Amino acid sequence: MNTASTDTKENLIRIIKDLLHTDEDLDFLLLLKKVNLEKLVSVVRAGTGR
């Protein structure tokens, strides 16, 4: 995964929002463990071709 290990949960959520081109409130994702957020970022990147 391309995300640095210093990424915070908030940073990871911002990355997801950018990848999805949305301003929706995704703060519920803060409930996930960081490792799960990192996996989600990776899956969204792969799904969007980025």
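Predicted model: local features only at pLDDT ≥ 70, side-chain atom pairs only at ≥ 80, totals over all residues.
Start with the whole chain. It has 50 residues, and 28% of them are buried. The secondary structure comes to 2 helices and 0 strands. The protein chain exposes about 3,600 Å². Carbon and sulfur atoms supply 53% of that area. Now take the contacts with a separation of 6 or more. Residues 24 or more positions apart account for 57% of them.

Next, the two helices. Helix α1 covers residues 9–20, and helix α2 covers residues 34–48. Two packed helices are described by the angle between their axes and the distance between the axes. For α1 and α2, the angle is about 15° and the axes lie 10 Å apart. Angles under 35 degrees count as roughly parallel. The two helices are therefore roughly parallel to each other. The crossing of α1 past α2 is left-handed.

Which residues in α1 and α2 meet? From α1 come Lys-9, Leu-12, Ile-13, Ile-15, Ile-16, Leu-19 and Leu-20. In α2 they meet Lys-34, Leu-37, Glu-38, Leu-40, Val-41, Val-44, Arg-45 and Thr-48. By class, this contact has 10 nonpolar, 1 polar and 4 charged residues.

Finally, look at one residue of this contact. Leu-12 lies in helix α1. Is Leu-12 buried or exposed? Its relative accessible area is 0%. Buried means under 20%, so Leu-12 is buried. Leu-12 and Val-41 are 29 residues apart in sequence. In space, their C-alpha atoms are 7.0 Å apart. Both residues belong to the set where α1 meets α2.

Terms used
Residues numbered from 1 in each chain as written. Heavy atoms only, no water. Axes fitted to C-alpha atoms, helices over the stretch in contact; angles between N-to-C directions. Helix = DSSP H or I, 4+ residues; strand = E, 2+ residues; numbered from the N terminus. Parallel < 35°, antiparallel > 145°, perpendicular 65-115°, else oblique. Left-handed = near helix turned anticlockwise from the far one by under 90°. Contact = heavy atoms within 4.5 Å. Nonpolar A, V, L, I, M, F, W, Y, C, P; charged D, E, K, R; others polar. Buried < 20%, exposed > 50% of the residue type's maximum accessible area, 1.4 Å probe, protein only. Areas by Shrake-Rupley, 256 points an atom, 1.4 Å probe, with all protein chains shown as cover.
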